[in-house]
Amino acid sequence: MQPSKLIRPRPSWDEHWLAMCETASHMSTCIRREVGCVLVSENNRAIATGFNGVPSGWAHCSELAHDDPLRCPADSNRGESSLGGCFAIHAEENAIDEAETISYGSGQEEVYGAWSVVRAYVSCLPCTSCALQLITRLPNLKEVVAKEDYDAPGAKAVLERGGVSWRVQSW
Ligand SMILES: [Zn+2]
Ligand SMILES: [Zn+2]
């Protein structure tokens, strides 16, 4: 055993999952904002991941002509009021889609992916549409943890009304 491994500080679960969000976000095809999402179970297992991007198989915004109507305007990094013109499917939606396609275990012990998600980690807090999907499609979701805030007051109200707490965890 190497002594250096014993003294290396171990990241917290929050740090670990937000770092995974960061990794996932690098797969984004949106030229305005890169977002990653990791959906996690009660015992800290990754159930599904997602990033924001145009539908699979579409040309990425960076490959489109500047006047192409499907090219993301990439005009600002403000909140959801500037989402118009972006055709990316959001990281949260892609991660939920993935969670709904999986189950694990077998027989009586088989667990449906979407049911086992209790915590959603995201690069930034969700937009209102994603907040609605999080509270309706992940029935056991308790908390959303984000690295950055996002200017979408409606989304925070949706999460709170849906019984899901949220926090911005920055270091
Ligand atoms: Zn975009
Ligand atoms: Zn969204």
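Residues are numbered from 1 along each chain as its sequence is written, while chains are lettered from A and ligands numbered from 1 in the order in which they are written. Because the model is predicted, local features need pLDDT of at least 70 and side-chain atom pairs count only at pLDDT 80 or more, whereas totals for chains, interfaces and linings use all residues.

The chain has five helices and seven strands, taken as DSSP runs numbered from the N terminus (helices are H or I with at least four residues, strands E with at least two). Along the sequence they follow the pattern α-α-β-β-α-β-β-β-α-β-α-β. The radius of gyration of the chain is 17 Å, close to the 16 Å that the globule rule gives for 171 residues, so the chain is as compact as a globular protein of that length; the radius is taken over C-alpha atoms, and the rule is 2.2 Å times the number of residues to the power 0.38. The C-alpha trace spans about 55 × 40 × 30 Å along its principal axes.

Turning to the interior, buried residues make up 38% of the 171 residues. A residue is buried if 20 or more other C-beta atoms lie within 10 Å of its own, exposed if 12 or fewer, and partly exposed in between, with C-beta atoms placed from the backbone. The largest nonpolar core has 38 residues, and C37, L39, V117, A120, Y121, V122 and V144 have the most contacts inside it. Such a core is a set of buried Ala, Val, Leu, Ile, Met, Phe, Trp, Tyr and Cys residues joined through C-beta atoms within 7 Å. Elements giving two or more residues to this core include helix 2 (13-25), helix 3 (91-101) and strand 5 (117-124), and strand 5 provides the largest share, five residues. Leaving aside neighbours within four places in sequence, A120 is in contact (C-beta atoms, placed from the backbone, within 7 Å) with C37, L39, E92, L134, L141 and V144. Another core, of six residues, lies apart from the largest one, with V54, C61, C72 and A88 among its members.

Strand 6 (residues 143-148) and strand 7 (residues 165-168) run parallel and are joined by four bridges; strands pair if DSSP finds at least two bridges between them. Between them the chain passes through helix 5 (residues 153-161), and this β-α-β crossover is right-handed, that is, clockwise from the first strand over the helix to the second with the strands pointing away from the viewer.

Finally, N44 sits in the loop between strand 1 (36-41) and strand 2 (46-51). Although not a glycine, N44 has a positive phi of about 55°, and N44 is exposed, with 11 other C-beta atoms within 10 Å.

Notes. Two residues are in contact if their C-beta atoms, placed from the backbone, lie within 7 Å.
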